[in-house]
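Keep the structure open as you read.

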Amino acid sequence: MTRDQLFELAWILPSVAIPTGMLVALLVTAYGMGIHVPGQVSTVDPRTVAQTPPFDQPGVYQVGPNRFEVVLLAQIWFFQPREIRVPAGSHVTFIATSQDVVHGLRIRGTNVNLMLIPGQVSRAEARFTEPGEYLFLCHEYCGVAHHTMAGRVIVEP
Ligand code: CUA
């Protein structure tokens, strides 16, 4: 083997070994350790999601004293519902999915930060103690009107 061939081999081997190692790490964490996108709880058929409970009736539901569930459906380029009203001190569970492409849900002032993937139902919780308006946004690029895809949580005193 010439010096040039050795040099070439020294580049080829890591360029195969590194992606192989990364792929193995990905498979081990995804399937072995069950690590996946945050908040995923179940699956739903995105073709019929708009007719499938609870997503056939997106909205805000009171489920207990100071406890609410928000069923949120994302599509290009809006959220249903766009406006969520809850009283201050509420504990809110968001149950959300997308019926077309990948969207995101980021609620300002909370740690809600989900990917909304067609077919996957995501869940996150937040407590709204301070009255005010909390903007929520789609944070996954989803097409030409992505930047208009927003809504607000209005926390009433
Ligand atoms: Cu939906 Cu960006």
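Cysteine 142 has a relative accessibility of 10%, so it counts as buried (under 20% relative accessible area; exposed is over 50%, partly exposed in between, with a 1.4 Å probe and protein chains only). Cysteine 138 is buried too, at 7%. Zero disulfides turn up in a search of the whole structure, a disulfide being a pair of cysteine sulfur atoms within 2.5 Å.

Please bear in mind that this is a predicted model, where local features need pLDDT of at least 70 and side-chain atom pairs count only at pLDDT 80 or more, while totals for chains, interfaces and linings use all residues. Residues are numbered from 1 along each chain as its sequence is written, and side-chain values use heavy atoms, leaving out hydrogens and water.

Now for the charges. How many salt bridges does a search of the whole structure find? There are five, each a side-chain nitrogen of Lys or Arg within 4 Å of a carboxyl oxygen of Asp or Glu. Arginine 85 pairs with glutamate 83 at 3.2 Å, N to O, and with glutamate 156 at 2.8 Å between the closest N and O atoms. The latter pair links distant parts of the chain, with glutamate 156 in strand β11 (residues 150-156) and arginine 85 in strand β5 (residues 83-87), 71 residues apart; strands are DSSP runs (E, at least two residues), numbered from the N terminus. Glu83, Arg85 and Glu156 belong to a salt-bridge network that also includes Glu133 and Arg152.

Elsewhere, arginine 47 bridges to aspartate 45 at 3.0 Å. Arginine 47 is exposed at 71%, whereas aspartate 45 is partly exposed at 30%.

Technical notes. Helices (H or I, at least four residues) and strands (E, at least two) are DSSP runs, numbered from the N terminus.
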